[in-house]
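Biologist: I would like to learn how to read helices, domains and chain contacts in a model. Could we go through them together?

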Amino acid sequence: MAYTIEVNGAKRTVDVDGDMPLLWVLRDELDLKGSKYGCGAGLCGACTVHVDGEPTRSCQTAISAVGTAPIATIEGMASNPVGKKVQAAWMALDVPQCGYCQAGQIMSATALLSKTPHPTDQDIDAAMSGNVCRCCSYTRIRAGVKHVAEAK
Amino acid sequence: MATMTSQNATHGVNLSRRAILRASVTVGGGLALQAILPGVVHAALDGSAAGEGASISAYVRISADGVVTILSKNPEIGQGVKTMLPMIIAEELDVAWKDVRIEQAPLNEATFGRQSAGGSNSTPTNYDPLRRVGAAGRQMLVAAAAQGWNVAPEDCETDAGVVHHRKSGRSMSYGALAAKAATQPVPDLATVKLKDPKTFKIIGQRIPGVDNAKIVTGQPLFSIDVTMPGMLHAVFEKCPVFGGKVTSANIDAIKALPGVHDAFIIRASEANPGKDPDGLVDGVAIVAKSWWMANKAREKLEIVWDEGPTASHSSEGFAAQAAKFAAGPPATSLRRDGDPATALKNATKVVEAAYFYPFLSHIVLEPQNCTAHFADGKMAVWAPAQNPGPGQRLVAKTLGIPEKDVVVHVTRGGGGFGRRLQSDFMAEAAWIARKVGAPVKLLWSRRDDMQHDFYRPAGFHHFKGGLDEKGSLVALTDHFVTFGKDGKPVNSSATMPPTEFPAQLVPHLDYGQSVIEFGVPTGPLRAPRSNALGFVFQSFLDELAHAAGKDPVEFRLALLGEPRILPGTPGKPDPLRDFNTGRMRDVLLRVAEVSDWKNRHRLPKGTAKGVAFYYSHLGYFAEVVQATVSATGAIKLDHVWAVGDVGRQIINPAGAEHQVQGAALDGLGAALGQAVTIENGRVVQANFDSVPPLRIDQAPQVDVHFVTSDFPPTGLGEPALPPVLPALCNAIFAATGKRIRSLPIDTQLLKA
């Protein structure tokens, strides 16, 4: 059936089964390839988007459950004031190795810093431990979050 | 170690005079350089030779506006070569990095030489040749300027993409010179003048990854992001038992499901020739208008399998066989020095221990996938290939079409770690796409990926070590039980070299091997075989150090002795490849210093440091791990210090540091929780809940230091990994008195 969702500020209508996960709607129906498939089980965080500002595993979110909640993806982060800073920090500190997980990392980091502008190491652990980086770029991910927190 | 074979290729000392450089004017008047260096020998990551006479090349375009396009020849899987290799050319070409644009080179091994991501080979095999490519381009640009000004080329100099003639005050940009430079005689790469490294402006700088902007904004970049008009999506259900065949399947019922375009049985026997280790296997393909629909239809799939002989294999059974082997003598001798039996009998102290490491999955984050399109008799594939050349050949063989009719587009890979050296996913996608007659993207689920890997082989080691009255190691034996076929290890990942350290330093030594017959696919995983042998040997040496009552660093230093070369092949010394005890001493001493090793006894109860070293992929690494073990047995990783010697030049310090940190944390993640177990011929684990990758809340700080030595630069994708596992286990022993002899670490054993 048809669902109209708000993605990065724009209304988009798709005609799909209600149990289709948001991840696949974004990637294959709306051609937004930034959110990644990693595990299909909410275990790796590569598919993380914001639903109503909350970091959400889009592979575990059925399109029928989204309703009118605004969705933001990595493609929309340049117009998110915090997201933009996170992207800049990731560039400045050369955070990515292979880069496959980094969209999810940036979405989780942006959600964290939006609520907690000056996170402790424990805050970072709690907010970011759902995002696997198989290359283990964790030292720079942590530094990237702190870089944003410490910037004026 | 044995994963590399070519000293000449590595060190550029034998660039043939036949080495040629072709130049041509490209569309738009730019200068194109295409260098071909013959006579280079490579080795695959798994140790097999790729053949003599392959060539290396690089490709440079300079447009009239001064933009310099440099092709990066090898696949990028997170190891940083797409940034690092072009840096080498840009340095000698003498252009400003801001003017450089980088393109992934197309697969063309006739022009570019071997294009693989494996064996930490990119640096040693390309550093010198790519410098020469850049220098040759610079020489042609200078010649063009000198000719125009009617001055001697020797009186010209270059800087940041401009040729200067200081005497007359004239200057001209590379962009303006490019067309004319392309008509200049081609310099001899073997004698072209290289820069004095003291004047380097790009090499040695921290240069960020060239794809970072696309990565952080979520632009399509990876193979999984490829899309084409009319593209369909596929899943491929393979037999859970390795080597199993399809008897029948409910194809008609699947075809009737919503969104399904087609479904069909694939029989490996139909493929040509179907015998490659990574060749097509039996299964059922479902092709649908979206991946989600294809994967959903799969839930309704009913397949009758003929599971075949591997169905009786299990990890438990393997362990029982290993125990049986261990009770007897090894089937094959790998090395024998002196009289180990007598030496053990006469030793003051004998230490005996059995070690085990499990099968491991690569768990790349981007699951295997490939987009394929067959049109006009030609197959085009887009894939995160680590080894696109063999991939091209596999696709051609599988389809029974000429190699020239297979075009491989190499995308950035979402991790590799050795998994994508195999090209099975490319063969599958190509087969399905040709059958369907439309562009098809095949994507594996996480379960597919974990249950159809080429696993790091498990292994069993049975050691005896004899110490004399002074605490010196005088005798060592190891009965290694590995996996294979017909009594031989299945591939080099399952082998132990006769020179495995500390061979050649112990007067009485015996290495022997027995082989368990099995049907589980295996292959190279980051630092193949070193990732396993480092754990067992550096852990057992630690046991011996403690038994001798010696400081583990001092015990290792005594074993290394005076700086000298331990030949990899008897009678064939190779000073650039053989184990250099002096280089290892230096990194060991340095890691002791930076980790404050001598004050480790001041650490609180339950916290301790452990040390280990390992030489692999031409890199010398010594590492110290500090860990805290709680009364419940829980392990907290406090800190890692890693010191490496990879020669005289760190090309990109930002990338180098990243590789060392990543490799060390990767090894710690494997040690803490990862294993693949086999039951009834199939893999038990299916996702990250049962094979946990390391997460940020577990990741300690990793301090990275490099010792520079006067040796050619070598690679960093792998050598920092092997020592970290034993360093952790040795720290756990120091903290608890409990020795970890089996991976992953069972924290139940560490309870106070």
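Predicted model: local features only at pLDDT ≥ 70, side-chain atom pairs only at ≥ 80, totals over all residues.

Biologist: How many residues of helix H5 of chain B are buried?

Modeller: The general idea for a helix comes first. An α-helix has 3.6 residues a turn, so residues three or four places apart point the same way. In this structure, H5 of chain B spans residues 174-181 and is mostly covered, with six of its eight residues buried. Among them are Tyr174(B), Leu177(B) and Ala181(B); Gly175(B), Ala176(B) and Ala178(B) are buried too.

Biologist: Now the domains. Into which domains is chain A divided?

Modeller: Chain A has domain 1, residues 2-75, and domain 2, residues 77-150. Their centres, taken over C-alpha atoms, are 20 Å apart. For the contact, 15 residues of domain 1 meet 14 residues of domain 2. On the domain 1 side, strands E3 (48-51) and E4 (54-57) of chain A each give two or more residues, and E3(A) has the largest share, three residues. By class, that side holds seven nonpolar, six polar and two charged residues.

Biologist: And between the chains, how many residues does the contact take from chain B and from chain A?

Modeller: It takes 45 from chain B and 44 from chain A. On the chain B side, helices H6 (212-217), H8 (291-298) and H17 (653-673) and strand E32 (701-706) each supply at least two residues. H17(B) gives the most, six residues. Sorted by class, the chain B side has 21 nonpolar, 16 polar and eight charged residues.

Definitions and conventions. Residues numbered from 1 in each chain as written. Chains lettered and ligands numbered in written order. Buried ≥ 20, exposed ≤ 12 C-beta atoms within 10 Å, placed from the backbone. Helix = DSSP H or I, 4+ residues; strand = E, 2+ residues; numbered from the N terminus. Domains from an automatic or database assignment. Contact = placed C-beta atoms within 7 Å. Nonpolar A, V, L, I, M, F, W, Y, C, P; charged D, E, K, R; others polar.
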